[in-house]
Amino acid sequence: MDPITRTDAEIMFWIAVVFSNSLGTAFGDMLVDVIGLSFIEGAMVTAGVIALVLVLHYAKAMNDVALFWLAFIFTRPFGATFGDFLTKPLSHGGLDLGTYNAAAVCLGLMSVLILASMQRRKKRLAVQAAQGRGDRSPARRDGQQRP
């Protein structure tokens with residue numbers, strides 16, 4: 001990602017953030033309140049959209065900027081519906097974990113995903129080093145290798 005250095009570009013970015021958050025919130029509400037999905041079903045639908053964005057990214061089937069904004073928009077309803085699933089009472093389709101326990105679950109899930117990602121990268125770099133290729137990721141502007 002490149003830094004935003006022009007005022008007009010920054011204004012456009014923040015307008016896009018506001019609208020995408022609003023759209024994402026409305027979509028999550030629609031899934032649960034209008035369509036009638038449970039919180040976990042709503043989270044699964046939005047996770048499915050995010051997974052589709054990932055597939056489209058790796059297939060190079062769509063513009064990366066458009067994919068970024070699609071992923072950005074759908075993380076909002078995923079977080080809301082998954083959070084509701086963790087915190088809402090059992091009688092409303094949730095797990096009734098409360099906010100602290102739900103935060104602990106989310107922190108734990110994020111930690112596992114980050115550690116798994118780090119391990120995959122470490123193994124990939126070890127294989128590349130063994131093959132004599134080293135890290136072939138593009139250099140950053142400051143001359144350092146990307147992590």
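This is a short talk on the predicted model of one protein chain, going from its overall layout to a few of its residues.

Residues are numbered from 1 along each chain as its sequence is written, and side-chain values use heavy atoms, with hydrogens and water left out.

Let me start with the overall layout. The protein chain has four helices and zero strands, and along the sequence this gives the pattern α-α-α-α; helices here are DSSP runs of H or I with at least four residues, strands are runs of E with at least two, and both are numbered from the N terminus. Of the 147 residues in the chain, 16% are buried, where buried means under 20% relative accessible area, exposed means over 50%, and partly exposed is in between, using a 1.4 Å probe and protein chains only. The accessible surface comes to about 10,700 Å², and 66% of that surface belongs to carbon and sulfur atoms; these areas come from the Shrake-Rupley method with a 1.4 Å probe, and for residues only the protein chains shown count as cover. If we take the contacts with a separation of 6 or more, 46% of them are between residues 24 or more positions apart, a contact being heavy atoms within 4.5 Å.

Which residues make up the largest nonpolar core? There are seven of them, namely Val-32, Phe-39, Ala-43, Phe-82, Phe-85, Leu-86 and Ala-102, and the term stands for a set of buried Ala, Val, Leu, Ile, Met, Phe, Trp, Tyr and Cys residues joined through side-chain atoms within 4.5 Å. Helices α2 and α3 each supply at least two residues of this core, and the largest share, three residues, comes from α3. Phe-39, one of the core residues, is in contact with Val-32, Thr-81, Asp-84, Phe-85, Lys-88, His-92, Gly-93 and Gly-94, if we leave aside its neighbours within four places in sequence.

The aromatic residues deserve a moment of their own. The count comes to eight aromatic pairs, where rings of Phe, Tyr and Trp (for Trp, the six-membered ring) pair if their centres lie within 6.5 Å, and planes under 30 degrees apart count as stacked, over 60 as edge-to-face and the rest as tilted. One of these pairs is formed by Trp-69 and Phe-72, which are edge-to-face, with 5.2 Å centre to centre and 70° between the planes. Both residues lie in helix α3, three residues apart, about one turn of the helix, and both are partly exposed, Trp-69 at 21% relative accessibility and Phe-72 at 24%. For Phe-82 and Phe-85 the ring centres are 6.4 Å apart and the planes are at 35°, so this pair is tilted. Phe-82 and Phe-85 are also three residues apart in helix α3, about one helical turn, but here both residues are buried.

Let us move to charged residues. How many salt bridges are there? The count comes to one salt bridge, defined as a side-chain nitrogen of Lys or Arg within 4 Å of a carboxyl oxygen of Asp or Glu. Asp-8 forms it with Arg-6, and the closest N and O atoms are 3.1 Å apart. Asp-8 is partly exposed at 47%, whereas Arg-6 is exposed at 52%. As background, side chains of opposite charge can pair when their charged atoms come close.

Two loops are also worth a look. Most residues other than glycine have a negative phi. Lys-60, however, has a positive phi of about 55°; this residue lies in the loop between α2 (39-58) and α3 (64-87), and at 65% relative accessibility it counts as exposed. Asp-96 likewise has a positive phi, near 55°, and its place is in the loop between α3 and α4 (98-130), where it counts as partly exposed at 47%. Met-62 is also in the loop between α2 and α3, and, leaving aside its neighbours within four places in sequence, Met-62 is in contact with Leu-56, Leu-67 and Leu-70.

Notes. This is a predicted model: local features need pLDDT of at least 70, side-chain atom pairs count only at pLDDT 80 or more; totals for chains, interfaces and linings use all residues.
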